[in-house]
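Colleague: Could you put the model up, so that we can go through it together?

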Amino acid sequence: MIGPGPVTPDGMPAEEPVLTLAHLSDTHLTPRGVPFNGLDPEAALDRALAVLRRAGDVGRGPDVVVVSGDLTDTGDPDAYRRLDDRIRPLAPRVVYATGNHDLRTVFHRELLGGAAAERTGPVLQVHRLPWSRIVVLDSTVPGGGHGRLDPTHLAELSDELAAPWPGGTVVVLHHAPLPPPSPLQTFFALERASRSALARVLAGTDTRIVLAGHQHLAASGTLAGIPVAVAGSTAVRTDPLAAPGHERSHAASSVNLVRLYADTVTVSVLPVDDAPEVFDLDPAECAAVIARYPVTPGPAGPPPGTSG
Ligand SMILES: [Fe+2]
Ligand SMILES: [Fe+2]
């Protein structure tokens, strides 16, 4: 047995994230009984959430669930409530963003409440947590499918980010500030001017990662050198390799697992599928594997703080 828990090959303790977020997007819940592209989006959501419920059962549930817009397909108030009923039990904190398929006023009333419920313009949501600040933008254009960040909204963001926050900031918006993967996504993208303006606002701030959706495809990139992670839809997946000019989609789903460490951020894409289990080693079995690989000190010798 090698100590009370896993260690690195050079004898350092396992690294633990200071914050774990489950990032979902584009749930597209419809009024009861109404399909979404021929699919049942509620059943698809339940399959995705099963991934998180299983994690919770073994004490690995997320600290925060982020759902980055297109929560509903047509802004049905009951769909927001059904979504919240499912998501809320999964983590101590839940963060929602508006998407182009949401109705801003209904979203405000059903999910934000309070003074925000009366607002008709974009609301800058700021969640100040002990270990991170999560700032949510509204990139929607009422009546439109594309994304835009208006200057007043960006000014609010700039004011908020002027003072850094312990642990840094996670920025969430629906329309991904990355090149789109398909023809329709190209037309319905975040306007390039907004992408550039967002980059200018975020540059030099304590923003650690930008989380987005809308593309229905898990993707990653950078904006002003800051990591950007896009979560796929829980209902459908855009095919980025369809024939030129084609918009093709598959009934497939994924969930992103975003882990913030003291000095880095990792994003893992978890496909929602019925892949058969290959193995599940318990701690003793892991130790038995490790014991077969004795480690000798490297050229630099043992790490600081260790003996020998
Ligand atoms: Fe969507
Ligand atoms: Fe969208």
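This is a predicted model: local features need pLDDT of at least 70, side-chain atom pairs count only at pLDDT 80 or more; totals for chains, interfaces and linings use all residues.

Colleague: In what order do the strands of the open sheet come?

Modeller: The order is S3-S2-S1-S12-S13, 5 strands with mixed pairing; strands (E, at least two residues) and helices (H or I, at least four) are DSSP runs numbered from the N terminus, and two strands pair if DSSP finds at least two bridges.

Colleague: Which strands stand at the edges?

Modeller: Strand S3 (93-97) and strand S13 (265-272) do, and each has a single partner strand, so one side of each lacks a neighbour in the sheet.

Colleague: And in which sense do S1 and S2 pair?

Modeller: S1 (residues 19-24) and S2 (residues 64-68) pair in the parallel sense, over 4 bridges, and His23 has Val66 in S2 as its bridge partner.

Colleague: Changing topic, which residues lie nearest the centre of the largest pocket?

Modeller: Val51, Ala55, Arg60, Leu257 and Leu270 do, out of 24 lining residues.

Colleague: Which element gives the largest share of that lining?

Modeller: H1 does, with 4 residues; H1 (41-57) is among the elements giving two or more, along with S1, strand S12 (253-260) and S13. A pocket here is an open set of points on a 1 Å grid over the protein atoms alone, where a 1.4 Å probe fits, with protein on both sides within 12 Å along at least five of seven lines, and lining residues have an atom within 4 Å of a point.

Key: Residues are numbered from 1 along each chain as its sequence is written. Chains are lettered from A and ligands numbered from 1 in the order in which they are written. Side-chain values use heavy atoms; hydrogens and water are left out.
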